[in-house]
Amino acid sequence: MDSKGFGVWLLVLASFSAPGFAQLRDMTVPPREYHLSFGPFYEGDYRTALEAFQSSARGGIRSTEGRWVDSICYHTMIGECFYQMGEIAKALDQYNSALKLAIAHKGWMVRVEFPELLEPSASAVRSTITWGPSQRTSLLARIPDRMSSFQGQMVTEQDIRRGGVIAGPQLYPLNVKEVTRCISLAQRRRREIMGPVCQHDPFTSQLLSEFASYPTRPNHWSQAWVSCHRGMAYAAAGKIEQAVSELTKSLVLAGQYDHELTSMALLELGKLAFAQGQTQMAANYFLEASFPAAAFDQFDVIQEAFQWGLMTHLVSGQKGLYPPLVPATPWARRYSRALQAWLMLLAAENYATAGDAARASSLLGEARQAVGTRELRGGVLGARFNYVSAMVEFQRRNLTAGTTQLNQAIGFLKASSKRLFQIDLADAAFLSGNVTQRVADDLYANVLREPTAADWAVEPMDTLAAVLTPHPVPLQHWLEATWARKDLEKSLEIADRIRRHRFFCSLPVGGRLLALRWILEAPETLLPQSASLQRRDLLARYADYAKLSAQAAEIRGELEKLPLFPDKPDELKRQTERFEQLGQASAAQELMLQDLALRREPSDFVFPPLRTVKEIQQAMIADQLVLAYTTAGNQILGFALSKDKFSAWQIESPAAVLKQLADLLRQLGLADRKAGLDPATLKDETWKATAADLLQKLTNNANSAAWDTYRELILVPDGPLWYVPFEALQVPAVAGSAPLISKVQIRYLPTVGLLTMTAPAPNPRARTLVVTGPMVPGQDKQIAVAACDQIRRALEGVTRCDERLAIPSSLFSSVCDRLIVLSDLEPVARGPYAWSPLALDRGKAGGTLDAWFALPLSGPADVVLPAFHSAAESGLKRGSNGDEIFFAVCGLMASGSRSVLLSRWSVAGQSAFDLTREYVQELPFVSASEAWQRSVQLARSNPIAVELEPRLSTTGGPVELTADHPFFWAGYLLADVGRTAPPPTVPPPPPAGKPAAHAKPAAGAKPAAGAKPQPDVKP
């Protein structure tokens, strides 16, 4: 509207007369009740304030056109109460409602009777500010709390001619500056909550379009308010340069006056500068935002400005306490209890970050006293209080109290996390079709990203909530989006993300602790360059941890020089002392890691690594083939990659494939774990046709001649495919068919990215611990003892143990290079890591796999578990998802193991002992997959003595069997990262020298030539 039109409009308004003007003269919209609601709001009683703002909303102005602009204020402040209580979905609904009203009444500012000129405020509030003078020279504006404004439509001559009921406009004294403040506040909160999804939301585009031409009086000081709205809209749309320009123009009215929107504009300019890495500029903006906020009693903006100011102070490496906090806290005490508590909490976090637990604890006590029984303790401030309290308790070496505080914080964070909410928003945008598949791919990549250094620095609490909370459905939808776009390489990478995410969500603190352990304690050769740099930085800045780490390494070095079970009393005493010292040092390190996990420190999630297809192919050699699978909803996707080729396909009829798998397992004799298997059924070869057909379905009907191209097959199963005995699947041969393992060496990995993790060379003086016990309930323990004797004759450095250790196995295993457990490993229902790898310390502290995750991070390089159990053992009668295998392999490898041989079903007889012996005696000389292939080839020709195989029934007549049937060898799964063995210095014992499978070794048999006998020493 031009100035002439505007003047005509004012003349019309001036001449308008309506009943009720006298009654309106003494009121203001929003009413006094609304402004009184800020009392409990600034005291932190958000639930009380919410009810008060909702009460004001019920009295809002309405007409035939619906709610008027005063409801912008009600919706915004109701949203602010929800925001402070952590109910961000409800808050966003309120902000959207406010902004929809701002658009519906787009011309409302044109109808306001603004004062022509502004005057400086006589307020002396600036002189009371104690945390430093502003560097800006602007004055404070004195803007009336009430300006007359019309609501409704003007009556035209045409309306009169048409006749009927004529509803003219109503005049209201409106608090215009409060309405404009709430419009900008609703916009900036909306952008904050929606994150990267905001710029792709259709409503954001509408807001940008509307605020680009939002009308007010031309050439008037109120244009600065519109510039603030416009700048917020540009920021929400991701147009940063335009946002900075408009927000800068909005800072002052009439070229010289600060106003109610100045603090918010400065705050947003600071956030934009921070996001662009301009920390010094951002710090200045945040500090400057606090001054107009204080001048206009905007205590919530002061809190946010100080919070961002502290974060910038910490991220930029500044030492000591953030300077404004000390003088600002007593000032806040006079005005806002919530602000006072927040500033004390920020100071406590500052001291905790500096490692001053005593001062931090004192300030937390003061903050708790300031909060009292107010409702803010159950909101955002309460969660942050618990989080900082956990940091302090961990620094004070109080694990129990720290864990309790952290769990309380995490409980709130999972329900209030903006990052998790943004994941749901991105997912909803994709499913609704509001974004293209390309945009959906970008959004998923953003919200489902691996935590970055910036994430930990800016939002450690939100980032922790994201890594702790399972979100498999959005990940599956991301996979579907890339698959639909035929971006097949990225689909494989996302499938690997899904596997890693499942593993991380099973761990304490969402894998954050594991990441820090690997960065600080894993062999340097396993770390990428970024993690190596993080290690150097952390060890340089946390000297106490570095000292403990060096001490633990020195103790382990001493322990490795001692026998596993010393004979001499002085050596036994020294070992006991050293293990006690190692346990103390490791426990102290773990407490420090608990504290580090809550800090703003970066930590790459090193294990398992996340790699692109190109990086994986670069790590492969020419004769390797990877087959990876992922279960996506009701579908199974397959991926094949070699050094220079890549393909992907969707497996047809996945339900039929899984049924065929169950059929195959039953045909192999796996129907009832507890029932004896009739040996005669192993003569039936029906399984071969099923196995051949299953291989074709799982390989996209690949040409059988292709297997001649490869030496090694690396399998990455998913879900029930972990139960597939790929080794036994049949390929065409000259005489019928042959098992796949006869064509290629086979190993498994829980993720594709692990193919790039090169393991260290085997220890030439490896120490092997063999744990013996009954392989099945009731079995004579001496059977496993005899099997250990066979291993000892074939392998150097073997020590046997069959009784409980006096030392937690999580510590004892750190000085073993190889672990063989010839004892039954019963699964437990308490969790994926609640079972004991050593079997003999079940239920003992430090004996379960979850205890092995803790420091010292040095599990046995090679683990052999021939009596492990999985759902395959019962033919998948109840169905299962393969998690017991997936988590066992991930857990052992995360604890330091590089190869894991475990059984899908336990055979538990002499055939199992023969396979184990042949495998481990080859490990010092060849790769694990080659050693396993050779052991299977040798074992298949061995005769079977039914009486030495506890899974076979002995009630029938004599049956001649060999171990050629896959029941005896196809149940084992070798997970290995692909360590390349050095050239053999001593040739492995020839197959002819091994004991016959059906013959029980004689007691007192002599060791094979070249092998050093190791005594059985009881702990």
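This is a predicted model: local features need pLDDT of at least 70, side-chain atom pairs count only at pLDDT 80 or more; totals for chains, interfaces and linings use all residues.
Local features require pLDDT of at least 70 and side-chain atom pairs pLDDT 80 or more, whereas totals for chains, interfaces and linings use all residues. Residues are numbered from 1 along each chain as its sequence is written, and side-chain values use heavy atoms, with hydrogens and water left out.

Helices (H or I, at least four residues) and strands (E, at least two) are DSSP runs, numbered from the N terminus. Two strands are taken to pair if DSSP finds at least two bridges between them. An open sheet is formed by three strands in the order β3-β4-β7, with mixed pairing. The edges of this sheet are β3 (119-120) and β7 (257-258); each has a single partner strand, so one side of each is left without a neighbour in the sheet. Strand β4 (residues 139-142) runs antiparallel to β3, and two bridges join them. P120 has A141 in β4 as its bridge partner. Strands of a sheet pair through backbone hydrogen bonds, either parallel or antiparallel.

A further antiparallel pair consists of β5 (residues 147-151) and β6, joined by five bridges. Within this pair, F150 is bridged to L171 of β6. Strand β6 (residues 170-174) is mostly covered, with four of its five residues buried. Here, buried means under 20% relative accessible area, exposed over 50%, and partly exposed in between (1.4 Å probe, protein chains only).

E87 is located in the loop between α6 (70-84) and α7 (88-104). Its relative accessibility is 23%, so E87 counts as partly exposed. Contacts were defined by heavy atoms within 4.5 Å. Residues up to four places away in sequence not being counted, E87 touches R47 and F82. The side chains of E87 and R47 also make a polar contact (3.3 Å). A polar contact is a pair of N or O atoms within 3.5 Å; within protein, one must be able to donate a hydrogen and the other to accept it, and residues adjacent in sequence count only if both atoms are side-chain atoms. E87 and V435 are 348 residues apart along the chain, and their C-alpha atoms are separated by 26 Å.

V435 is in turn touched by A440, as is F430, again not counting residues up to four places away in sequence. A440 belongs to helix α22 (residues 437-447) and is buried, with a relative accessible area of 2%.

S953 occupies the loop between β20 (943-944) and β21 (961-962). Because its relative accessible area is 19%, S953 is buried.
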